[in-house]
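Open the model in your viewer and keep the selection tool ready. This tour goes stop by stop, telling you what to pick and what is there.

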Amino acid sequence: MNKIRVVVSREAEVGFYSYVQQVICALWSSEKDGIPLVVDFSRNHRYIDKPGENVWDNYFEQPYGISLQEAIERKNRNEVELIEDEWFKNEDVNRELIGGPLLDETVRKKAAIGAKRIKPIGETKEIIDSYYNDNMKGYKILGVHKRSGQIRPTHEERIITFIEFFGEIDKHIDKFDKIYLATNVIDEHLQFVERYGDKVLFRNVTRVPFLGEKWKDILDCNTGVSKFKLGQEVIIDCFLLSKTDLLIKNLSGISINSCFLNSNLPYIELNKKFYN
């Protein structure tokens with residue numbers, strides 16, 4: 001029997017879609033090499049509610065229909081190639097896909113090859129489909145993703161202000177029926193509603209206080225919230241942003257992956273001016 005690959009998520013203190021980007025890299029390589037891939041997120045403790053869960057299976061189909069249990073059995077027969085941290089550190093494609101917001105179109109198309117195999121299941125899929133059909137279908141939608149996580153005032157990844165977002169949105173808003181807004185900090189969405197009124201669509205998700213430069217602190221403040229729900233919320237935002245007609249964004253794994261899911265989605269990267 002031919003070999004399969006298993007991609008094992010890292011345990012780094014990063015957001016959910018940093019892990020998903022690893023999978024996209026591995027999927028691109030698997031498609032290129034003709035080797036099926038199985039995703040193992042059982043080490044991803046940030047999103048595990050019950051010990052022993054494979055987080056990936058809570059949200060997505062396995063990309064080639066091969067279960068993790070089958071992969072474990074085949075590993076004992078020496079039929080499995082593991083993809084772990086060292087692979088990601090050394091693969092040129094990974095550096096291109098994860099390296100920043102300036103997405104070369106060739107790289108974006110490569111990523112889309114992998115992203116097409118990332119398919120939500122169950123309740124997550126139902127929420128995406130029903131929200132899109134009830135609120136977005138048939139309208140011209142401007143997507144906006146404002147990520148406020150880390151304070152890096154001299155860094156390329158610095159936070160983009162409301163003034164900067166509003167300035168860019170104002171250039172385009174008259175061409176759109178609605179705005180689909182994704183934010184992660186408490187009450188930030190209300191400032192968009194105050195300016196753009198009932199044009200603004202947003203979901204009631206778990207938002208956090210603005211806590212400074214440590215991403216770990218932002219994740220830890222969600223103590224008591226279902227870890228499944230935290231992962232589900234970012235997946236829903238990512239897929240809904242991918243269904244918009246133009247995306248205005250600052251640097252974030254969520255909105256980068258929206259551009260992978262829809263490789264034809266035009267976007268404006270507000271962090272771009274800070275990159276050499």
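## A buried lysine and its partner

Select lysine 249 to begin: with a relative accessibility of 1%, this residue counts as buried. Keep in mind that you are looking at a predicted model. What do glutamate 269 and lysine 249 form? They form a salt bridge, and the closest N and O atoms are 2.3 Å apart. This pair links distant parts of the chain. Glutamate 269 sits in strand E8, residues 267-269. Lysine 249 sits in strand E7, residues 246-249.

## The whole view

Zoom out. The protein has 276 residues, and 53% of them count as buried. Colour by secondary structure to find 12 helices and eight strands. Take the contacts with a separation of 6 or more: 71% of them are between residues 24 or more positions apart. The structure holds 14 salt bridges in all. Side chains of opposite charge can pair when their charged atoms come close.

## Helix H8 and its charged residues

Select residues 162-172, which make up helix H8. Show the side chains of glutamate 168 and lysine 171. These two form a salt bridge, with 3.4 Å between the closest N and O atoms. Why are they about one helical turn apart? Because they are three residues apart in helix H8. Is glutamate 168 buried or exposed? Glutamate 168 is buried, at 13% relative accessible area. Lysine 171, by contrast, counts as exposed, at 57% relative accessibility.

Next, select aspartate 170 and arginine 195. They form a salt bridge too, and here the closest N and O atoms are 2.5 Å apart. Aspartate 170 lies in helix H8 and arginine 195 in helix H9 (residues 188-196), so the pair ties together parts that are 25 residues apart in sequence. Both ends count as partly exposed: arginine 195 has 43% relative accessibility, and aspartate 170 has 35%.

## H8 against H9

Two packed helices are described by the angle between their axes and the distance between the axes. Select H8 and H9 together. They pack at an angle of about 40°, and their axes are 12 Å apart. The two helices are therefore oblique to each other. Their crossing is right-handed. From H8, the contact uses Phe162, Phe165, Phe166, Ile169 and Asp170. From H9, Glu188, Gln191, Phe192, Arg195 and Tyr196 take part. Colour these residues by type: six are nonpolar, one is polar and three are charged.

## Histidine 172

Stay in helix H8 and pick histidine 172. Histidine 172 counts as buried, at 15% relative accessibility. Which residues is histidine 172 in contact with, leaving aside its neighbours within four places in sequence? They are Leu246, Ile248 and Ile268. Now try a distance from histidine 172 to leucine 142. The two are 30 residues apart in sequence, and their C-alpha atoms are 8.2 Å apart in space.

## H7 against H11

Move on to another helix pair. Select helix H7 (residues 122-136) and helix H11 (residues 227-242). At what angle do H7 and H11 pack? The angle is about 40°, and the axes are 10 Å apart. H7 and H11 are therefore oblique to each other. H7 passes H11 in a right-handed crossing. On the H7 side, show Glu123, Thr124, Ile127, Ile128, Tyr131, Tyr132 and Met136. On the H11 side, show Phe228, Gln232, Ile235, Ile236, Phe239 and Leu240. The residues of this contact divide into 10 nonpolar, two polar and one charged.

## Last stop: a loop

Most residues other than glycine have a negative phi, and most peptide bonds are trans. Select asparagine 78. Its phi is near 60°, a positive value in a residue other than glycine. Where is asparagine 78 found? Asparagine 78 is in the loop between helix H3 (68-75) and strand E3 (80-83). Is asparagine 78 buried or exposed? Asparagine 78 counts as exposed, at 59% relative accessibility.

Notes:
Residues numbered from 1 in each chain as written. Predicted model: local features only at pLDDT ≥ 70, side-chain atom pairs only at ≥ 80, totals over all residues. Heavy atoms only, no water. Salt bridge = Lys/Arg side-chain N within 4 Å of Asp/Glu carboxyl O. Helix = DSSP H or I, 4+ residues; strand = E, 2+ residues; numbered from the N terminus. Buried < 20%, exposed > 50% of the residue type's maximum accessible area, 1.4 Å probe, protein only. Axes fitted to C-alpha atoms, helices over the stretch in contact; angles between N-to-C directions. Parallel < 35°, antiparallel > 145°, perpendicular 65-115°, else oblique. Left-handed = near helix turned anticlockwise from the far one by under 90°. Contact = heavy atoms within 4.5 Å. Nonpolar A, V, L, I, M, F, W, Y, C, P; charged D, E, K, R; others polar.
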